[in-house]
Amino acid sequence: TQMDLIIFKNELYQLIPVTKQMMEHMSLSGPVDCMDLCEILRLKLSGYVDTLNLHIMKDGSGSLVGCMCH
């Protein structure tokens, strides 16, 4: 299964493939489905800005909208 993050920046949506680098320092203690992994990555890679109601990526790449698994 491949997973992409859906990122919104500059009025465009982008699909960013999840890489091994994004997953480093993560230990999963059992089977995890796509939406569970999306939630884990959201917590790791973004911060919530209450005034904007957005999850902004810590690396400045945009706002995290969700994930797509295929």
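Reader: Which residues make up the largest nonpolar core?

Author: This is a predicted model, in which local features need pLDDT of at least 70, side-chain atom pairs count only at pLDDT 80 or more, and totals for chains, interfaces and linings use all residues. Residues are numbered from 1 along each chain as its sequence is written, and side-chain values use heavy atoms, leaving out hydrogens and water. A nonpolar core is a set of buried Ala, Val, Leu, Ile, Met, Phe, Trp, Tyr and Cys residues joined through side-chain atoms within 4.5 Å; buried means under 20% relative accessible area, exposed over 50%, partly exposed in between (1.4 Å probe, protein chains only). The largest one here has eleven residues: M3, L5, I7, M22, L37, C38, L41, L45, M57, L64 and C67.

Reader: Which element gives the most to this core?

Author: Helices (H or I, at least four residues) and strands (E, at least two) are DSSP runs, numbered from the N terminus. β1 (3-9), α2 (34-45) and β5 (63-69) each give two or more residues. The top contributor, with four residues, is α2.

Reader: Is S63 buried or exposed?

Author: S63 lies in strand β5. Counting contact as heavy atoms within 4.5 Å, and not counting residues up to four places away in sequence, S63 touches I6, I7, F8, L54, H55, I56 and M57. Its relative accessible area is 8%, so S63 is buried.

Reader: What is the phi of E11?

Author: Most residues other than glycine have a negative phi. E11, in the loop between β1 and β2 (12-17), is not a glycine, yet its phi is positive, near 65°.
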